Amino acid sequence: MRRILLADADAFYVAVARAVDPDGAGKATLLIVGGSRESRGVVCSASYETRKFGVRSAMPIARALRLCPDATCVPVPFKECIRKSAEIRKALQQYTPAVEGASIDEWYLDLSGTEGIYHHEPLLATARRIREGIRAATGLTLSIGGGTNKLIAKMAVDRAKPSRGGEGILIIEPGSEQDFLRSSSLADIPLVGPKFQARLAARGLVTVADALRYDRESLGQWMSKREEQWLWNRIHGSDDADVVHRTMNRGISRDETFGKDLSHDTDIERELLRLVTRAAADMRGDGLTARTVAVRLRDWDFKTRSAQRTLPEPVVSDRVILRVAHDLLASLRKARRVPARLVGVRLSGLAPAERLSQLPLETSDVETERDRGLTRAIDRVREKFGRKSILPGGITE
Ligand SMILES: [Mg+2]
């Protein structure tokens, strides 16, 4: 069961503009961010107070000022916004390493597997903890939505927003997704734009409940196959997209430049095994699995070569990763056997560990439940007695 949150900063540009200029913008309750009184720009963000006059984002400034003539208008403090955004992301990473920026002021958090860290408290309690922690660390307030996937978290945060009359946090408990969706309109589904809304409304489909009255074939009569599949998944609350965080994008790399060039295959292999063991343990520590293993070799003359293999299934165990890395090194050495100055390994195609398939095929490149069990046991021993306590055969540190 996944535990996903979407944290969205409340009136982000307005809050940052106020913090940057405490005497001017900071004192104005009626505040428009996006330009000056003379400029022809559009509203980037407006304080909640101006919204009561009908001011909205993306509205021309001139029109906004006709609606709310007393508003103070300031340019977007871009630099400060980017700095603040990075500050919030960093603070969020204190709660889970799996943080994905969805925009300058929205972040998905994957808290799957952190239940123990938070003493099995309800997700709502963790969300409150995060909200208070971020307010204390950055001075900004977040709204937080949560549920078992990104779609539900996004729809929940939209309803949690103070500007929508929400209380700042809304967690949709596992199993209550259908009730939540039934109480939503189709326009609440992310990416259902005005044109699609109009087409749906022409068929009498305004709320999610309206659409749920039809089977898939009936809905399919009114839209393309792709739209049908997309909408069907959304109204049933299914979304298997992962929270893609920095570690997952970049992969996990470890490399070593030797004190002096190494000529013998066995010496280079020993260094590689040590790096693989480290990289794999770090990956497991982040709760991730890998699909691609790459080995890099830099020869004495600085010629750098690499080889990689993508496996049929995600893996976590030392045995499989070592085996693949060993084969890749052997192929690189076979092509050019000269003294080497550096060897490195990179694990990529990372994904959360709970997605491991339950019944892997029994081939050498695919790991078994036994591999995984053994790996977990090894990690527990290392945790207790240190990294050096168990290393693959032949490696000493
Ligand atoms: Mg926001």
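Student: I'm looking at the open sheet of three strands; what is its strand order?

Tutor: The order is 3-2-4, and the pairing is mixed. Two strands pair if DSSP finds at least two bridges between them. Strand 3 (45-46) and strand 4 (72-74) stand at the edges with a single partner strand each, so one side of each has no neighbour in the sheet.

Student: Before we go on, what sort of model is this?

Tutor: It's a predicted model, where local features need pLDDT of at least 70 and side-chain atom pairs count only at pLDDT 80 or more, while totals for chains, interfaces and linings use all residues. Residue numbers start from 1 along each chain as its sequence is written.

Student: Thanks! How many bridges join strand 2 to strand 3?

Tutor: Two, and strand 2 (residues 31-33) runs antiparallel to strand 3. You can find Ile-32 opposite Ala-46 of strand 3. Helix 1 packs on this sheet and touches strand 2, strand 3 and strand 4, with its direction at about 105° to that of strand 2. Touching here means contact: the C-beta atoms of two residues, placed from the backbone, lie within 7 Å. For the angles, axes are lines fitted to C-alpha atoms, for helices over the stretch in contact, and values run from 0 to 180 degrees between N-to-C directions.

Student: How do I read the packing of two helices?

Tutor: Two packed helices are described by the angle between their axes and by the distance between those axes. Here, helix 1 (residues 12-20) and helix 4 (residues 78-92) pack at about 110°, with axes 10 Å apart. That makes helix 1 roughly perpendicular to helix 4, a label for angles of 65 to 115 degrees (under 35 is roughly parallel, over 145 roughly antiparallel, the rest oblique).

Student: Which residues of helix 1 and helix 4 make the contact?

Tutor: Helix 1 brings Tyr-13, Val-16 and Val-20, and helix 4 brings Glu-80, Cys-81 and Lys-84. By class, that contact has four nonpolar, no polar and two charged residues. The classes go like this: Ala, Val, Leu, Ile, Met, Phe, Trp, Tyr, Cys and Pro are nonpolar, Asp, Glu, Lys and Arg are charged, and the others, Gly among them, are polar.

Student: What about the open sheet of five strands; what is its order?

Tutor: That one goes 5-6-1-7-8, with mixed pairing. From one strand to the next, the twist averages 15°. Strand 5 pairs with strand 6 in the antiparallel sense over four bridges, and Ser-103 stands opposite Glu-106 in strand 6.

Student: And which way do the side chains of a strand point?

Tutor: In a regular strand they alternate between the two faces of the sheet. In strand 1, Ile-4, Leu-6 and Asp-8 point one way and Leu-5, Ala-7 and Ala-9 the other, and all are buried. A residue is buried if 20 or more other C-beta atoms lie within 10 Å of its own, exposed if 12 or fewer, and partly exposed in between. Six of the six residues of strand 1 (residues 4-9) are buried, so this strand is largely enclosed by the rest of the structure.

Student: Which residues stand opposite Ile-4?

Tutor: In strand 6, its bridge partner is Asp-110, and in strand 7 Ile-4 faces Gly-147.

Student: Now helix 11: which of its residues are buried?

Tutor: In helix 11 (residues 225-235), they are Leu-231, Arg-234 and Ile-235. Down the helix axis they fall within an arc of 90°, so they line one face of helix 11; the arc is that of the directions from the axis to the C-beta atoms. On the other side, Lys-225 and Arg-226 are exposed. The cover over the buried residues includes helix 6 (150-160), helix 7 (177-182), helix 9 (208-212) and helix 10 (216-220).
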